[in-house]
Amino acid sequence: MRSGDLDNRRTAGAKKEAMQAGSRLHRKIQKRMGSNYQAEVSLKHRVQEDQFTILVEGRADGILTEPGGVTIDEIKCIYMDVNRLEEADSVHMAQALCYGYIYCFDKGLDSIGIQLTYCNIETEEIRRFKESRSFEELTEWFQGLIHEYVKWARYLYSHGQRRQACLKELTFPYDYREGQKELAVNVYRSIARGRNLFIQAPTGVGKTLSTIFPSLKAMGEGYGDKLFYLTAKTITRSVAEEAFSILREKRSLYFNTVTITAKEKLCVMEKPECNPQACPRAKGHFDRVNDAVYEILHEEQGITREKVLQYAARYEVCPFEFCLDISSWVDGIICDYNYVFDPNVRLKRYFSEGEPSRGYLFLVDEAHNLVPRAREMYSASLLKEDVLLAKRVLKGQPGTGKLLTLLDQCNRRFLEIKRAYGTETLDGPRLNHVLDEGYEILTEVNLLALSLMSMFGELETFMNEHVEFEDRDLVLDFYFKVRDFLYVHDRADDNYRIYAMVRPDNSFFLKLMCINPAANLRESLDKGISTLFFSATLLPIQYYKELLSGSQEEYAVYAKSPFPQENRLILAASDVSSRYSRRSRREFEKIADYIERIVEGRKGNYMVFCPSYQYLSQVGEILREREEGGRLSFTCLFQSSHMAEEEREAFLEEFEKEKERSMAALCVMGGIFSEGIDLKEERLIGAVIIGTGLPQVNVEQEILRDYFDEHGGQGFDYAYQYPGMNKVMQAAGRVIRTIQDKGVIALLDDRFLRPEYVALFPWEWGSYTVVNRHNVSQALAEFWEGHRTD
């Protein structure tokens, strides 16, 4: 079992350098051992047990032959102070014991020495742990190892046979809705051809089952070995769990899955501290975890967070590491995007550098969320003040002389850039242009990166050797920021922009900003054979193709909505706007008029999506005044910023209650209530959407705009219009959730009537009705009259 998938503590360059240094030291130690020492000895042993033939092979670092006997030598080069080692690592010892057994077996020896040689990479100081084992002891140990291995091999073989037989016979659990079978066929064909597929799937198509089912059928035919269902939010992970549960209950699906939950939500400690001294679950974890994994695999198919916690408590193991180990043995993994794409979080056992491509299938739910998430994953930033803070903390600590000098050098590199801020040239980097918004685009920061790299190596050594000192957490945070910066700098190319700015508090900020994340995403996606990107809002499709796959040649389908168009009324207002230039008391009054007339059109629950909290406050103030004056015939509910989980639940519970009056809930577009919530039938009958959802003009949006203007001339579309309309369509999608639902979607901004916006309306909307404050009540009356429920 492997552990520590999240402990990705070095940049790619630092890892490579460490490996090269370790290899050089290996050779140096081997040469010192004399003529009786044979280096790099290949060993192999074949074992027959049950129906399995097992080949165990490897290369011993050295075999020392002396008059007193033979010794197997296993060399490990480390950064840690070797004097802090109390005993040999159990995994390293197991490797040496395997070599010892094989050599004794081949040479007919009665006993052999087992030696672990640890060497510090920087000081070259050596510490050895040596013991003698009889062939009888080694035989008993090795047979136990093989027996344990065969137990897992037997499980994998029988489980795989049963799974494939089940998947071949699997049928869809319901009658197909309109468009659902066609979607499933397209998914299967894309996987069989090893192609990616973009799916625009309106609400109600049943996209989760329509993608999971054909993926399972494809796996049954040998197209794929492991399925990853990737989500951006907890609620969509629950939907995936439910889909697998339905297939198990209705079609006896034999296919096990695990849901990976963040460490903070699984940890039994108040604050995660993963060492045996601080956490009782860490002590002896590896002695118990294999049995825990074996039992849960045999008892459960849908392994949820609750199941992980239950079995982890029973075996007293770390829930998070337990969950990761389970993932190695299951057929499907349900997890956040991070665990596949984020270089700091992704699971190394599947996606580390050098891992070969495998039969993975990736199902990316709510794929529109992956664009901003991926940009953030592959970006990195540093403050000049971070360097000074680390220096202040480390000053006075023993052994920091060289480190403090290197921190000073990093600070000087930052100063060079800051002093040239607002000018046209720099001694090192050269500015492309200086912009009025208070930031500068840099062509490169190579000298800073070189200084950071030198400092980082020294800092890493210091942190490994000093596990306790005052304010260590502050330095550790700085360590990770530098690590991330160097990692991103190593891969920055034309898909990136580097910008610097002096922030309002006079701190100096530098960011490596990922603009187009497609190439970075492909590093993980290329480990698999096919990826399905699906969402209710993937329009325009060329935008998502470019930013998620980097190719306009990918397949794409638009799933037909099964819901009758006549059940949905789309209103587009011609006499109001949310433009900043139009924001005034008079305009807010007009918006409040619309809200009144729409909510009064029929008794029920409505959501009003505002462009910002400030806008919500302005409109909310007018509605409160009207309520106090006895004018409103409905109640108002208001989203507040930074709502706790309990407050969110209480907010949504209001939609479940029987009420005498209608309710208008004012929310922020793009916020927690504008996507991912499922208010069916009478729980929500209308959505009022104020504005086109355009992101706020800021430094990064303007950088995006400039970049895409340079690469195709669609800067405004890519930076503002498309992300804005995505938020609009997500908010609108809250209304019609089932075939019985009927509702109103009101678009309150005259910009929606422009051709470029109308072109982005989803097909299932069909026609729309242009209204103003004077005739909107009539349009509503006609619609609701046609849907009377007498």
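Predicted model: local features only at pLDDT ≥ 70, side-chain atom pairs only at ≥ 80, totals over all residues.

Student: Why is strand 16 called mostly covered?

Tutor: Seven of its seven residues are buried. Buried means under 20% relative accessible area, so the term applies along strand 16.

Student: How do you know that both faces of strand 16 are covered?

Tutor: In a regular strand the side chains alternate between the two faces of the sheet. On one side of strand 16 are F508, L510, L512 and C514, on the other F509, K511 and M513, and all are buried.

Student: What makes strand 15 and strand 16 a pair?

Tutor: Pairing requires at least two bridges. Strand 15 (residues 496-502) and strand 16 have seven, in the antiparallel sense, so they are paired. Y496, for instance, stands opposite C514 in strand 16. In the hairpin of these strands, five residues lie between them, and N506 takes a positive phi near 75 degrees.

Student: Why does strand 12 count as a partner of strand 16?

Tutor: Strand 12 (residues 380-383) is joined to strand 16 by four bridges and runs antiparallel to strand 16. The cut-off is at least two, so strand 12 and strand 16 pair. L383 has F509 in strand 16 as its bridge partner.

Student: Which residues lie nearest the centre of the second largest pocket?

Tutor: G693, L694, P695, Q696 and K727, out of 48 lining residues. Elements giving two or more residues to this lining include strand 16 (508-514) and helix 24 (715-732). Helix 24 gives the largest share, eight residues. By class, the lining has 20 nonpolar, 17 polar and 11 charged residues.

Notes:
Residues numbered from 1 in each chain as written. Heavy atoms only, no water. 1 Å grid on protein atoms, 1.4 Å probe; cavity = no way out; pocket = protein on both sides within 12 Å on 5 of 7 lines; lining within 4 Å. Nonpolar A, V, L, I, M, F, W, Y, C, P; charged D, E, K, R; others polar. Buried < 20%, exposed > 50% of the residue type's maximum accessible area, 1.4 Å probe, protein only.
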